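Thanks for making the time this morning.

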Amino acid sequence: MRDVMARPSIKTTLILDNRKVWHIALLLAPLGALTTTGWAPVGIPWIAWLAFGILTACISTANRPAQAFYMTWCFAMGMHMAGHGWVFSALLRQTEAGFFWSLMGAGLFLNYLAAFLAVPAWLCKWIAVRLQPRRGRTDTSDLNCCLLAVMLPVAWIAGEILRGQLFNGFDSLAAGYLLTNWPQRGWLPILGVHGASLLFYLSACLAACVWIARADPWLIRAVLSIIPSLMLLAAGAWLDRKNWVTPAHPALSFRLIQGGVPQKIKFEAHEKERQTIAYVDAIKSASANLIVTPETAFTDTFDNLDVSLLNSLRSFSSATGSNLFLGAPHVDHAGAMKNSIFQVSPSSSALARYDKSRLMPFGEYAPAGFAWFSRRMSLALSDQEPGSVTQAPFEVRLPEGTIRVGVLVCHEDLSQADARRWANLEAGVLINPGNLAWFESTWALPQRLQVAQVRALETGRPVLRVTNTGITAHIDPKGRVVAWLDSDAEGVLHGTVQPVTGLTPFSRYGMLPVVTLAGLLSLIAASAVVASARISRKRLNPAAW
């Protein structure tokens with residue numbers, strides 16, 4: 001009779017636990033939304049650090065992997081809805097998808113992004129529960145709490161790296177971007193954005209592990225929880241003083257032309273001619289070593305540009321010694337549409353060309369199985385082919401020598417590999433033409449500027465970023481914004497940029513240090529598991545020892 005009465009009480013306890021989990025999960029959603037204040041444009045990284053620490057503590061107290069998944073998914077959805085909610089705005093305002101399909105597309109995209117935090121949390125909790133000695137439930141004060149503090153950063157980093165590769169990559173709001181204006185940013189030229197993310201997650205998870213330990217007084221836990229982060233901050237500040245590259249050749253004058261054309265009218269027939277004339281007039285208004293227009297500044301294919309117009313640009317380039325970098329679509333000999341940047345050089349009659357190799361999903365190509373959605377959006381230039389990943393950098397020939405210029409066209413600034421390739425090809429300057437008019441007046445603009453800042457830090461290269469509606473900026477090799485134009489306005493940013501030579505550790509070794517560090521953490525976790533198993537067996541069967 002006692003056994004029969006006991007069973008309902010156990011079932012009731014589990015129901016109450018699940019309710020608590022959902023209550024916690026619902027509270028984690030606004031916490032995730034608050035986390036986005038760590039990135040641009042607000043830029044308060046310690047809020048994100050606290051938020052991920054709280055999330056780790058909640059995952060540690062979960063009884064089952066599913067509970068860890070629910071809590072992390074709510075946190076991640078709050079974070080991405082606040083940080084990437086501009087996707088819905090872009091679909092609704094800039095495409096023909098309509099409200100329902102814009103909402104559906106944005107919802108699927110946000111769930112996709114949330115999975116890269118939630119699934120690793122589920123996996124880590126599953127491993128922790130499987131390793132826990134059978135005592136009825138997870139004991140959050142034992143070794144498994146510490147295991148989560150080591151496993152979670154590695155798993156989250158694996159998800160972050162995967163997110164940066166699938167569908168040509170989208171790693172916006174990766175934790176490493178938080179460090180752009182923080183002392184810890186000195187790690188970025190060594191480990192890159194994902195390595196910096198690993199250190200960020202590790203410090204937040206370790207702090208949570210120490211804080212929820214029950215053995216020590218709260219004051220000791222508070223002090224111990226921030227020690228790893230303070231050490232990483234101090235080391236990052238010291239590393240930030242290191243100059244990994246050196247100036248090469250004289251400084252170059254530049255002019256970056258921001259057209260300020262709203263996306264809604266950019267490809268209308270009457271607007272194309274006006275844009276073309278406006279850009280040509282802006283180009284010819286003053287000379288500079290580098291004159292750069294945004295991506296698809298000329299909306300007609302380059303082959304269809306008026307011959308007299310092109311000849312006038314050639315004459316201006318030859319007369320002034322200006323190198324012109326013109327964004328325009330291009331149809332190759334096989335009939336494939338390419339998104340290209342053309343160079344009009346004063347030292348050559350031939351036109352050098354770079355074809356964008358990393359296209360934006362849905363906007364420039366349809367991922368397999370999603371052509372129906374791309375057709376519903378009714379976008380211009382939505383059926384493009386990527387260029388080769390082995391293209392050579394542009395060359396700017398001066399009396400003092402030749403300077404190589406690497407190109408990151410719009411979506412390519414999200415790629416570590418592309419920026420690193422240009423550094424290894426001895427490009428002294430990176431240009432970053434883009435068209436972010438899709439996301440006018442949203443947080444996407446400062447977020448993508450922050451991404452370009454990290455590419456500058458990783459490679460030690462100055463970046464000249466020029467966009468249709470903003471944010472057009474000059475970024476130095478330390479990732480600092482030297483000058484910029486206000487968004488959603490027509491204008492020209494001019495100044496001088498210093499080409500550099502040399503390689504940062506990240507440019508030289510890529511992801512090898514990150515993989516090594518993640519492997520070391522995994523080895524530590526595995527060793528702790530083995531030690532824990534030996535201790536458990538010894539306690540259960542002392543005679544065998």
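Predicted model: local features only at pLDDT ≥ 70, side-chain atom pairs only at ≥ 80, totals over all residues.

The protein chain has 545 residues, of which 54% are buried, and its secondary structure comes to 15 helices and 14 strands. If we take the contacts in the chain with a separation of 6 or more, 72% of them are made by residues 24 or more positions apart. The accessible surface is about 23600 Å², and carbon and sulfur atoms hold 64% of that area.

Let me turn to the open space. The largest pocket has a volume of about 730 Å³, and among the 29 residues that line this pocket, Val87, Gly105, Phe109, Pro361 and Phe362 are the closest to its centre. Which helix gives the largest share of that lining? It is H5, with six residues, while helix H4 (86-94) and helix H11 (371-377) are also elements that supply at least two residues each. Sorted by class, the pocket lining has 22 nonpolar residues, five polar and two charged.

The largest cavity contains about 190 Å³, and its lining is made of 19 residues, with Glu295, Met360, Glu364, Asn435 and Trp438 nearest the centre. That lining divides into eight nonpolar, seven polar and four charged residues.

The second largest cavity holds about 90 Å³, and the residues around this space include His80, Trp156, Glu160, Arg163 and Tyr201. Helix H3 (65-84), H5 and helix H6 (143-163) each give two or more residues to its lining, and the largest share, four residues, comes from H6. By class, the lining of the second largest cavity has seven nonpolar, two polar and two charged residues.

I will finish with the two single residues. Ala392, by contrast, sits in the loop between H11 and strand S7 (394-398), and Ala392 counts as exposed because its relative accessibility is 58%. Ala392 and Arg353 are 39 residues apart in sequence, and the distance from C-alpha to C-alpha is 9.4 Å.

How values were computed:
Residues numbered from 1 in each chain as written. Heavy atoms only, no water. Buried < 20%, exposed > 50% of the residue type's maximum accessible area, 1.4 Å probe, protein only. Contact = heavy atoms within 4.5 Å. Areas by Shrake-Rupley, 256 points an atom, 1.4 Å probe, with all protein chains shown as cover. 1 Å grid on protein atoms, 1.4 Å probe; cavity = no way out; pocket = protein on both sides within 12 Å on 5 of 7 lines; lining within 4 Å. Points joined across faces, edges and corners; volume = space filled by probe spheres on them. Nonpolar A, V, L, I, M, F, W, Y, C, P; charged D, E, K, R; others polar.
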